[in-house]
Amino acid sequence: MLLVATAAVGCAPPDKSGGPAASQAPSQEDAIVSLINEHRAEAGCPAVTPDERLTAAARRHATDMRDRAVRDHTGSDTSTPARRIADAGFAPATATGEIIYWSEPSGDPQAAVAGWMNSPAHRDVIRTCRFTHAGAGVVTGSGYAAVVDFGAH
């Protein structure tokens with residue numbers, strides 16, 4: 001049985017100016033996974049292990065969100081979370097999930113995780129104990145986009 005979970009949260013309207021190219025924020029990505037693991041522990045779930053394949057999938061969608069004002073789980077190329085996760089090499093997966101966040105003009109890991117935890121759908125994805133791995137993607141520029149992709153084999 002394949003479990004797929006997705007949820008989105010955002011702040012402020014998208015910036016359609018085109019803006020500068022997105023930049024990756026690895027330390028922010030690590031902070032997001034760490035904060036998520038704190039919330040998972042509170043729920044009695046084991047920590048997710050960071051996975052570079054999931055990070056690559058998350059960065060791909062975060063970049064799309066920032067560069068093309070995408071504000072849901074379907075990419076501008078019509079990709080789905082499961083497709084992006086598989087394309088990044090995390091396959092076969094028995095469970096996948098994705099949470100997304102955007103804010104303008106800026107954001108940070110604490111705001112993203114707080115937003116997710118204040119949303120029942122996002123909180124449910126974070127607290128899905130079945131997930132064993134995760135990767136966060138953060139891009140900044142003329143806005144802040146964060147994506148976390150979760151998976152299990």
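Good morning. I begin with alanine 121, which lies in helix α5, residues 120-126. Helices here are DSSP runs of H or I with at least four residues, strands are runs of E with at least two, and both are numbered from the N terminus. The model is predicted: local features need pLDDT of at least 70, side-chain atom pairs count only at pLDDT 80 or more, and totals for chains, interfaces and linings use all residues. Residues are numbered from 1 along each chain as its sequence is written, and side-chain values use heavy atoms, with hydrogens and water left out.

Alanine 121 has a relative accessible area of 41% and is therefore partly exposed. Buried means under 20%, exposed over 50%, and partly exposed in between, with a 1.4 Å probe and protein chains only. The C-alpha atom of alanine 121 is separated by 9.1 Å from that of isoleucine 99, 22 residues apart along the chain.

Let us turn to helix α2. Residues 52-68 form this helix of 17 residues, which reaches 24 Å from first C-alpha to last, close to the 24 Å expected at 1.5 Å a residue; the expected span is 1.5 Å times one less than the number of residues. Its buried residues include Leu54, Ala58 and Met65.

Now the backbone. Most residues other than glycine have a negative phi, and most peptide bonds are trans.

Finally, the bond from alanine 91 to proline 92 is cis, with omega near -5°. The bond from glutamate 104 to proline 105 is cis too, with omega near 10°.
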